[in-house]
Amino acid sequence: GNIGIGTYTDATASTKALASTWGLAAVGVAYAKSHVISAQSVTIGIDNELLAFGNVDLVTGSDPTGSFQTNLQPIAVAQGFIKGVIAIPDATADAIVTSNAALTVGDRTRVRSGANSTLAARRGTLLPTADGTAKGYQLGLIPVTVTDSNEDVRDGVGSVTVNGTVE
């Protein structure tokens, strides 16, 4: 048979901010922020033996068969509509994603397979989406558009540490 151990994260987080105002001196501010963080780890302790006649798959960031992968999608939307003699629109959207994956095989642990051994730490698919747009109308009709959309994939780590043996 086969041995498969794995983890994966599938997360979507959405934030929306809306601003709408009018008047003599109209100021509207919309701010949306979504931050998704995933930290996955698989640790095989010390003095263990994993023995399979088939495959041994030890994976963080996906299931052992590869059917499901880590997928992280923060979505931030900030929109404003401002109308006035003096219109000051402002909108900021920040979508931030961080993924860490770690696989550790402990001291004196033996991973043995009759076919293939796969050891992997995958950060996955990271898809931040941001839309920060504000529209203003000076004197009620002269258009002013402000955009501030920030999509950030933060540094993450995918690490495999083998203190035992893989055969």
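Which residue in β7 stands opposite Val 59?

## Pairing of β4 and β7

In this predicted model, the residue of β7 that stands opposite Val 59 is Ala 120. Strand β4, residues 56-60, is joined to β7 by five bridges, and the two strands run parallel.

## The open sheet

β4 and β7 belong to an open sheet of three strands, ordered β1-β4-β7, with parallel pairing. The edge positions are held by β1 (3-7) and β7 (117-121); each has a single partner strand, so one side of each is left without a neighbour in the sheet. From one strand to the next, the twist averages 5°.

## The largest nonpolar core

Eleven residues make up the largest nonpolar core: Ala 17, Ala 19, Ala 30, Ala 32, Ala 76, Ala 78, Ala 91, Ala 93, Ala 95, Ala 130 and Ala 134. At least two residues of this core come from each of β2 (10-44), β5 (71-105) and β9 (129-138). The greatest contribution is that of β5, which supplies five residues. In soluble globular proteins, nonpolar side chains tend to be buried together.

## A second core

A separate, second core contains nine residues, among them Val 42, Ile 44, Leu 103 and Val 105.

How values were computed: Residues are numbered from 1 along each chain as its sequence is written. This is a predicted model: local features need pLDDT of at least 70, side-chain atom pairs count only at pLDDT 80 or more; totals for chains, interfaces and linings use all residues. Side-chain values use heavy atoms; hydrogens and water are left out. A nonpolar core is a set of buried Ala, Val, Leu, Ile, Met, Phe, Trp, Tyr and Cys residues joined through side-chain atoms within 4.5 Å. Buried means under 20% relative accessible area, exposed over 50%, partly exposed in between (1.4 Å probe, protein chains only). Helices (H or I, at least four residues) and strands (E, at least two) are DSSP runs, numbered from the N terminus. Two strands pair if DSSP finds at least two bridges between them. Axes are lines fitted to C-alpha atoms, for helices over the stretch in contact, and angles run from 0 to 180 degrees between N-to-C directions.
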